[in-house]
Amino acid sequence: MKTNDKLIISGQYETYIDGNGRQIVDLAGGFGFQVPAVIEAVSRQADTMGLSNRVLMSEPLIALCRRLAELLPQPLVSSYVCSSGDEAFEGALKLCKGLKPKGKTIVVVQGGDYGSLSYGRCLSTPQSYLEMQRFLGFELVAIRHVRDLDKVDWNDCFAVCHTSTVTGEDGRLRLIEQVLLDHLYAAAARVSAPVIAVDVQSCLGSLGTLFGFQRYRNTPDIVVLGGPLGGSAIPIGTYTCSEQMAYQVYGRSSPAKHGSTTAGNPMACVAAMAALDYVQAHDLPRQCLNNGQILAQALASFGAVACGAWVSLPLPADLKPAELCEELYQRGVYVSAPRGRELILRCPITARAEHLQRASRIIKEILSHVFNPIA
Amino acid sequence: MSLTLSHEQLLDDCQRHWSASAAKLYRLGKTSVEKDTDGIYVTDHAGKRFIDCACSYGVFIVGHRNPMVQEQVQTQLNQMAWVPEGRVHPLQGALSERLRNLVPGDWGDVQFMVSGAEAIEQSMRYVLKVQQHRRGIVVMSDSYHGKTLAAMSILGQKQHHRSYGTEASEVTYVPYGDFAALQRAVGEGVRAVYVEPILGGAHLQVPPLGYMANIRALCDATETLLVADEIQTGFGRCGKWFAVQYDDIVPDIMILSKGLTGGYTSFACAMYSQRLATQYPLSEIEPDQRTNGGHPVACASALAAIDYIEQHKLVEQSRINGGLLRHGLQRLAQRYPQIVEDVPGVGLMTGLRLRGSVYEALMSMELGKRGVHAGHSMNEKAKHPVLRFYPPLNITPEALRHVLTMTEEALEAIARRPKLAVKAFSLVVRNMYHIPNKLLRSKGKP
């Protein structure tokens, strides 16, 4: 790899210019680069105020929370704004701990990505963080099938977590089985354990719906947003619950109980509102579905399957993922290194069809000829 | 300056959609809406201007909307604001190098995060892995290392543990400044000692000279890692670039944040000594280095802020103007001993230690009326809260003298209040969050 390959200099929507001046189509997901409407809104805010000194009321913060209440299903109306989606997920767990301080057990749907903070890492890759889990003093029960629910000490459970997609044991990206979620929600409801839907990567249209959890018929008790919510301008995350739940934990104590120095700052809130405006004005959930189909159809002969704008592509057994990613990059397509035997192509939410078509041609060509010379 | 919604509607939205307790606070305090900032000033929707000595507990080292920082933020925002996972922007490398050269010591890995609490968490994961053959983390009572759920397990403000059940069995708390107690807790060695070189938060306390040097020596002797949390103290706030310089020591891990933000973006970092980075590279200890921190706009903001601090000699100004502010506050403390206990701090990291939360509430109100914001502890149960004065480091002596005059007027106004009225207000303050919002809403409003 050339020295400047990893550098990123500028970009727009799904395409960026790397340190060697080459155009690269980004298939690592997110909102998309330098979307003018978002950048302009944040830039205007930067002319007035960056961070807040947190003494007076903040109009952008309250406006964002109101906006989320309008978009999310009832009774999800009270939002807490954090510096990132990962931080928001821990915030959501903290809210659950506030409801049941003596609870020690977290139930989690296996195969999800729960983010980069400590609890998130323990939940996503428990074997790598056993010492951290022991230090933090919680029990983790990972669920993949309905029968796994019997393993849970439900009286000790203080939170139930699931993402909008999971990676199966075969490495394939897929939706969670509806029947598993139905049983999970029912079991959690019986012991009043809140269900957290972690919609950090999948919010704002990636799965074909504004929020990823809307692919299912269940309404979570807490929704965590982040990732693309900041419009690829300023990081931001939120968790939203019912007014009653929020009041139970935070309503009768100092706001500092859940506070943070810079979370919910005006620039971040403006970025989120501009991103939401843009997604709705351009019907990006539908565009995401179309974009996913473009890639999946072009790569159908290789077994590609779309899940919204994300496409899971199985890799031949003899193919080394790192070599494939490097070859793709050299031809102008950036894909995150796979964590299993499937390559996950994630179209940015604002990706333009013609650029994805070009990317799909490159991928097809490489898979057909470079790594499969017989074809 | 106009509001999009009426003030009452905003309060209702705040109550329902963000924070019911914040709405109570705002209603009781008749709090206005921030609209504009400039230098040391914050202006509300009614056009009233406040000198900002709160600064979100010290974030605005270079002031609000610092022109040098603003220009770099705007330039970067318009060029490239984001980097996908696995890619880097040149400014990230530039900032890492700048920090390695700026912070005293020999530094290796620098990991950018989006908040101080995230950086603390990252250091905890690192400590637990590289010291897995040991047990125990020692932290200081009343210390503050962030309030994410994992970071709370080393939070010294123990009242929060009851609410969340976050007490970790492996963590030992010792009184800040008490080296003998620390020695006993460390014993033959623990995984790490976490310490703020100057205790921040509502318990502001400067340790005795030599305290940090003693901790360094103890950690060396017992092969315990020393983690210095300079989130509040760094970048000149304490009168030196970093508070560890008062004892001329180098920690193994350093956590930085507030000054790094440039007043524009959430930002923090964890720095690992070259020795640690060589022995236990971060890329091996935590191969998945995903983070939301260190995006190009944040790096541009941080680099510009560091340039500004250097070029305008803000560290020296912090020392000189800090002396002016602290001496002025000490003079007032002597005049109003029934209200003020003492004036802790160093540099432009100071405040009034008050005789109860009622005085903190009264002082905040009286200062607010006079156009000054100070950093409230937000702890209505605190017995000796420190109302913090953490102004931007580029505040002028004239502005500080004005702050002192307003503080004197505020103290005088409080001293004139009948004792019975103060006692009655104390009841309100201690129970303010139990008052239903509907009782606090303006009359005649729905």
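Figure 1. Two strands are taken to pair if DSSP finds at least two bridges between them, and strands (E, at least two residues) and helices (H or I, at least four) are DSSP runs numbered from the N terminus. This is a predicted model, in which local features need pLDDT of at least 70 and side-chain atom pairs count only at pLDDT 80 or more, whereas totals for chains, interfaces and linings use all residues. Residues are numbered from 1 along each chain as its sequence is written, while chains are lettered from A and ligands numbered from 1 in the order in which they are written. The open sheet shown here has four strands in the order β1-β2-β3-β15 of chain A, with mixed pairing. Its edge strands, each pairing on one side only, are β1 (8-12) and β15 (333-334) of chain A. Four bridges connect β1(A) with β2 (residues 15-18) of chain A in the antiparallel sense, and Ser10(A) has Ile17(A) of β2(A) as its bridge partner. In the hairpin that these two strands form, two residues lie between the strands, and Tyr13(A) takes a positive phi near 55°.

Figure 2. Strands β13, β14 and β16 of chain A form an open sheet in the order β13-β14-β16, with antiparallel pairing. The edges are β13 (305-307) and β16 (342-346) of chain A, each of which pairs on one side only, and the twist averages 25° from one strand to the next. β13(A) is joined to β14 (residues 310-314) of chain A by three bridges, the two strands running antiparallel, and Val305(A) stands opposite Ser312(A) in β14(A). Helix α9 (residues 284-298) of chain A lies across β13, β14 and β16 of chain A and runs at about 170° to β13(A); axes are lines fitted to C-alpha atoms, for helices over the stretch in contact, and angles run from 0 to 180 degrees between N-to-C directions.

Figure 3. Helix α2 (residues 59-71) of chain A packs with α8(A) at an angle of about 35°, with the axes 8 Å apart. Their crossing is left-handed, a term used if the near helix is turned anticlockwise from the far one by less than a right angle. Two residues are in contact if their C-beta atoms, placed from the backbone, lie within 7 Å; here the contact involves residues including Leu61(A) and Leu64(A) of α2(A) and Cys269(A) and Met273(A) of α8(A). By class, this contact has ten nonpolar, no polar and one charged residues, where Ala, Val, Leu, Ile, Met, Phe, Trp, Tyr, Cys and Pro count as nonpolar, Asp, Glu, Lys and Arg as charged, and the others, Gly among them, as polar. A nonpolar core is a set of buried Ala, Val, Leu, Ile, Met, Phe, Trp, Tyr and Cys residues joined through C-beta atoms within 7 Å, and a residue is buried if 20 or more other C-beta atoms lie within 10 Å of its own. The largest such core has 271 residues, of which Val42(A), Val224(A), Ala271(A), Ala275(A) and Cys269(B) touch the most other members. Helix α8 (residues 266-281) of chain A gives this core its largest share, twelve residues.

**Figure 4. The enclosed strand β10(B) and its partners.** Six of the six residues of β10 (residues 268-273) of chain B are buried, so this strand is largely enclosed by the rest of the structure. Ala268(B), Ala270(B) and Tyr272(B) point one way, and Cys269(B), Met271(B) and Ser273(B) the other way. β10(B) pairs in the antiparallel sense with β4 (residues 107-113) of chain B over five bridges, with Cys269(B) as the bridge partner of Phe112(B). Antiparallel pairing also joins β10(B) to β9 (residues 253-256) of chain B, over four bridges, and Ile253(B) stands opposite Tyr272(B).

**Figure 5. The side of chain B that touches chain A.** In this view, 84 residues of chain B are in contact with 77 residues of chain A. Helix α6(B) gives the most to the side of chain B that touches chain A, with seven residues. By class, this side has 34 nonpolar, 32 polar and 18 charged residues.

Definitions and conventions: A residue is buried if 20 or more other C-beta atoms lie within 10 Å of its own, exposed if 12 or fewer, and partly exposed in between; C-beta atoms are placed from the backbone.
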